Amino acid sequence: MPRAHAERSLDAIAERLWYLRAPSPQQFERILPLPFVHLIINLSEPSRVRQLDGVTVAQRVEGAFVAGVQHTVLINENPAVLHHVGIRLRPSGLIALTDHSVGHEVLNAEPLMPGITALRASILRATAAVEALDPVETQLREWIRPEWSRHPALERALRMIDDDPNLRIADVARTVGISGKALINLFTMHCGITPKRYAEVARLHRFVNSIPSRAPIPTWTELIAETGYYDQPHFIHTFTRFTGQTPQRYLESVRNTVGAAPSFLPTRSIDTG
């Protein structure tokens with residue numbers, strides 16, 4: 001594959017690449033739905049998915065794994081030390097690396113991207129970010145499928161929804177020049193999620209990231225005025241369905257957690273209340 005093409009494609013599929021080695025701030029963590037895909041090369045002890053899609057599980061996650069676009073809260077049990085390389089892929093980015101559909105699952109990455117276990121072994125002794133990230137970037141470029149290309153209608157639809165998650169999906173389809181059914185098929189095939197569900201996740205992500213990180217934190221009644229939810233009961237129902245918490249309980253968690261990231265909050269084991 002020509003190098004220039006690969007470099008352009010890598011920028012098109014990945015939003016962020018990082019290296020982390022630090023004590024875990026909490027054993028159990030509530031991860032809210034996020035409008036992108038994570039590829040994690042775990043260099044630490046295994047973690048466990050304690051709850052997925054509202055169902056209590058004990059899924060051991062070790063080595064490298066992929067987490068698709070989630071549409072329900074994920075409860076994770078972290079190891080004592082967080083040590084990994086993370087790649088935040090665009091919602092349509094994973095299909096550039098593999099023809100396997102992930103949906104909202106958390107899966108072992110080796111069957112999807114053969115060779116990632118060997119890559120993990122090669123960077124396991126890295127002591128600095130550059131030692132870990134350079135080979136990962138190189139490998140990502142090599143994994144890009146030669147036949148892959150961005151789908152113009154899908155990419156335009158994603159931009160439209162990201163800019164305004166309150167748009168009607170029928171209007172998005174009409175604007176990008178395809179039928180509603182074709183748009184649903186594109187999203188399902190390339191992103192593992194329907195456009196309507198993706199818009200709901202994008203709206204939630206925008207809402208929680210609109211909450212000020214410093215006091216005074218507004219009440220949820222004040223915050224809802226900035227969202228596209230048409231009434232408070234609808235907002236409460238949607239928020240609780242996606243996060244496992246009422247808006248009031250969520251805001252209390254944010255207020256009581258120093259330095260909390262909007263989509264990552266400590267929790268008590270698999271308690272979702």
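User: In this predicted model, at what angle do helix H4 and helix H5 pack, and how far apart are their axes?

Analyst: In the predicted model, H4 covers residues 152-163 and H5 covers residues 169-176. The two helices pack at an angle of about 135°, and their axes are 9 Å apart. That angle makes H4 oblique to H5. As for handedness, the crossing of H4 and H5 is right-handed.

User: Which residues of H4 and H5 meet?

Analyst: On the H4 side they are Ala153, Arg156, Ala157, Met160 and Ile161. Their partners in H5 are Ile169, Val172, Thr175 and Val176. Sorted by class, this contact of H4 with H5 holds seven nonpolar residues, one polar and one charged.

User: How do the axes of H4 and helix H6 cross?

Analyst: H6 spans residues 180-191, and its axis comes within 10 Å of that of H4, with a crossing of roughly 90°. Angles from 65 to 115 degrees count as roughly perpendicular, and H4 and H6 are therefore roughly perpendicular to each other.

User: Which residues make the contact of H4 with H6, and how do they divide by class?

Analyst: Ala153, Leu154, Ala157, Leu158 and Ile161 in H4 face Leu183, Leu186, Phe187, His190 and Cys191 in H6 as contact partners. By class, the contact has nine nonpolar residues and one polar residue, with no charged ones.

User: What is the crossing angle of H4 with helix H7?

Analyst: The axes of H4 and H7, the latter being residues 195-209, cross at roughly 40° and come within 9 Å. This makes H4 oblique to H7, and their crossing is right-handed. Leu158, Ile161, Asp162 and Asp163 of H4 are in contact with Pro195, Tyr198, Ala199, Ala202 and Arg206 of H7. In this contact there are six nonpolar residues, no polar ones and three charged ones.

User: Which residues line the largest cavity?

Analyst: The lining consists of Ala12, Ile13, Ser92, Gly93, Ile95, Trp148, Ser149, Arg150, His151, Leu154, Glu155 and His190. The lining divides into five nonpolar, five polar and two charged residues.

User: What is the volume of the largest pocket, and which residues lie nearest its centre?

Analyst: About 980 Å³ of space lies in the largest pocket. Its lining is made of 42 residues, and those nearest the centre are Trp18, Glu29, Ile31, His84 and Phe264.

User: Which strand gives the largest share of the lining of that pocket, and what classes of residue does the lining have?

Analyst: Strand S8, residues 81-89, gives the largest share of the largest pocket's lining, with four residues. By class, the lining has 22 nonpolar, 16 polar and four charged residues.

How values were computed:
Residues are numbered from 1 along each chain as its sequence is written. This is a predicted model: local features need pLDDT of at least 70, side-chain atom pairs count only at pLDDT 80 or more; totals for chains, interfaces and linings use all residues. Side-chain values use heavy atoms; hydrogens and water are left out. Axes are lines fitted to C-alpha atoms, for helices over the stretch in contact, and angles run from 0 to 180 degrees between N-to-C directions. Angles under 35 degrees count as roughly parallel, over 145 as roughly antiparallel, 65 to 115 as roughly perpendicular and the rest as oblique. A crossing is left-handed if the near helix is turned anticlockwise from the far one by less than a right angle, and right-handed if clockwise. Contact means heavy atoms within 4.5 Å. Ala, Val, Leu, Ile, Met, Phe, Trp, Tyr, Cys and Pro count as nonpolar, Asp, Glu, Lys and Arg as charged, and the others, Gly among them, as polar. On a 1 Å grid over the protein atoms alone, a cavity is a set of points where a 1.4 Å probe fits but cannot get out, and a pocket is an open set with protein on both sides within 12 Å along at least five of seven lines; lining residues have an atom within 4 Å of a point. Grid points are joined across faces, edges and corners, and a volume is the space filled by probe spheres set on the points.
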